[in-house]
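Please look at the model shown here before reading on.

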Amino acid sequence: MEFNFRQILSTSMVLFAIIDILGAIPVVIELRRKAGHIQSEKAAIVATVLMVIFLFAGETLLKIIGLDVESFAIAGSFVIFFIAMEMVLGLTIFKEGDAPETVSIVPLAFPLIAGAGTMTTLLSLKTEYATQNIIVGIIINMLFVYFVLKNTERLEKLFGKSGLNVLRKAFGIILLAIAIKLFRNNTGL
């Protein structure tokens, strides 16, 4: 088992873009306002566990329902594409439901942090990178997510609305490129 810095960096960047915790700061602030408090530790731990479980069991789950990883990766490339379009164009394609009392788990840990786009990305990354490097990328991202959740209000003041908007659009463009790469790699085009 060898750790590859390039794979860890690449995995971390891809997950950072797809999770988009900085772009989700306005959503997190709204959830905190509605619920009164968000348990940052609980949200980060639950999201990490969900991602690691899906990394190992996702492919088996797909086989049970009769899908291959390439098909899932192609479908995931479309999900990532639409998430990126939301980020770049300021559209709302995916609707969020009302925030329940357990906002730290649902919708924060799942699906906001460890949602369909993240799970799809993990399986797609598994076709190109070693599992241990993906796990390190997950841990790096979850440490960052935890830091952001703990400091959401400070970060909002630091970046301001326009700064957060610029970050969101920049990561949206990165996601568009990732979506196109996933589609090309898994279709052979």
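A residue counts as buried when its relative accessible area is under 20%, as exposed when this is over 50%, and as partly exposed in between, using a 1.4 Å probe and protein chains only. The model is predicted, so local features need pLDDT of at least 70 and side-chain atom pairs count only at pLDDT 80 or more, while totals for chains, interfaces and linings use all residues. Residues are numbered from 1 along each chain as its sequence is written, and side-chain values use heavy atoms, with hydrogens and water left out.

Begin with the elements. Helices (H or I, at least four residues) and strands (E, at least two) are DSSP runs, numbered from the N terminus. The protein has eight helices and zero strands. Read from the N terminus, the order of elements is therefore α-α-α-α-α-α-α-α. The radius of gyration is taken over C-alpha atoms, and the globule rule is 2.2 Å times the number of residues to the power 0.38. For this protein the radius of gyration is 16 Å, close to the 16 Å that the rule gives for 189 residues, so the protein is as compact as a globular protein of that length. Along the principal axes, the C-alpha atoms fill a box of roughly 45 × 35 × 30 Å. Of the 189 residues, 43% are buried.

Contact means heavy atoms within 4.5 Å. Among contacts between residues at least 6 apart in sequence, 87% join residues at least 24 apart.

Now take D20, in the loop between helix 1 and helix 2. Is D20 buried or exposed? D20 has a relative accessible area of 8%, so it counts as buried. Its backbone also deserves a look. Most residues other than glycine have a negative phi. D20 is not a glycine, yet it has a positive phi of about 50°.

Next come the helix pairs. Axes are lines fitted to C-alpha atoms, for helices over the stretch in contact, and angles run from 0 to 180 degrees between N-to-C directions. Angles under 35 degrees count as roughly parallel, over 145 as roughly antiparallel, 65 to 115 as roughly perpendicular, and the rest as oblique. A crossing is right-handed if the near helix is turned clockwise from the far one by less than a right angle, and left-handed if anticlockwise. For residue classes, Ala, Val, Leu, Ile, Met, Phe, Trp, Tyr, Cys and Pro count as nonpolar, Asp, Glu, Lys and Arg as charged, and the others, Gly among them, as polar.

Helix 1 (5–19) packs against helix 6 at an angle of about 160°, and their axes are 9 Å apart. Helix 1 is therefore roughly antiparallel to helix 6. The crossing of these two helices is right-handed. On the side of helix 1, the contact is made by T11, V14, L15, I18 and I19, and on the side of helix 6 by G117, T118, T121, L122 and L125. These residues divide into six nonpolar, four polar and no charged.

One of the residues in this contact is T121, which lies in helix 6. T121 has a relative accessible area of 2% and is therefore buried. Leaving aside residues up to four places away in sequence, T121 touches V14, L15, I18 and I80.

How does helix 1 meet helix 7, and at what angle? The two pack at about 45°, with axes 8 Å apart, which makes helix 1 oblique to helix 7. Here too the crossing is right-handed. Residues of helix 1 in the contact include Q7, I8 and F16, and those of helix 7 include N133, I138, M142 and V145. The contact has eleven nonpolar, six polar and no charged residues.

I138 and M142 are also touched by T48, not counting residues up to four places away in sequence. T48 lies in helix 3 and counts as buried because its relative accessibility is 19%.

The last pair is helix 2 (residues 25–35) and helix 5 (residues 104–113), which pack at about 160° with axes 11 Å apart. Helix 2 is therefore roughly antiparallel to helix 5. Their crossing is right-handed. V27, V28 and L31 of helix 2 meet P107, L108 and L112 of helix 5. The residues of this contact are six nonpolar, no polar and no charged.

In helix 5, the buried residues are S104, P107, L108, A109 and I113. They pack against helix 1, helix 2, helix 3 (40–64), helix 6 (116–126) and helix 7 (131–150).
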